[in-house]
Amino acid sequence: MRSIQGSTMKTDLQRLFDKFRRTPVPSPRPVTLAELQCMRNALHDAVRDCASTSSLRLQRRIARASTAGELCALRADAHDVIARFHCQTVAVQRIRGMKPLPQGCHP
């Protein structure tokens with residue numbers, strides 16, 4: 001029985017792992033304060049005519065959000081508030097009608 005040399009085994013494993021290793025995904029550029037404010041304004045505008053306590057709570061959370069990720073997550077809450085006050089169709093139209101999201105932010 002032949003023994004496997006350590007260095008040969010290491011290079012074989014290295015080649016195998018290199019084959020399956022994914023290229024690193026470039027990190028998205030940081031979101032500017034102007035873009036954050038634009039997202040914040042769009043969310044405020046979407047729920048402005050919804051008069052309910054959940055709408056007021058959401059508007060406070062929108063005002064306190066400090067990252068694009070937080071604002072992206074609040075889109076789902078905005079959809080719920082709009083759908084409760086109006087209807088599902090209006091909610092979808094308003095959320096889809098917002099400006100495009102910054103890079104790295106998924107709806």
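Contact is taken here to mean heavy atoms within 4.5 Å. The model is predicted, so local features need pLDDT of at least 70 and side-chain atom pairs count only at pLDDT 80 or more, while totals for chains, interfaces and linings use all residues. Residues are numbered from 1 along each chain as its sequence is written, and side-chain values use heavy atoms, with hydrogens and water left out.

H44 lies in helix α2 (residues 33-47); helices are DSSP runs of H or I with at least four residues, numbered from the N terminus. With a relative accessible area of 18%, H44 is buried, a term for values under 20%, whereas exposed means over 50% and partly exposed in between (1.4 Å probe, protein chains only). Apart from neighbours within four places in sequence, H44 is in contact with Q59, I62 and A63.

Helix α3 comprises residues 53-64. At 1.5 Å a residue, its twelve residues should span 16 Å, and the end C-alpha atoms are 17 Å apart, which agrees; the expected span is 1.5 Å times one less than the number of residues. Within α3, S55, L58 and I62 are buried. Viewed down the axis of α3, the buried residues fall within an arc of 60°, so they line one face of the helix; the arc is that of the directions from the helix axis to the C-beta atoms. The cover over the buried residues of α3 includes α2 and α4 (68-85). On the other side of α3, T53, L56, A63 and R64 are exposed.

Helix α1 (residues 6-20) contains L16, which is partly exposed, with a relative accessible area of 39%.

Key:
Helix = DSSP H or I, 4+ residues; strand = E, 2+ residues; numbered from the N terminus.
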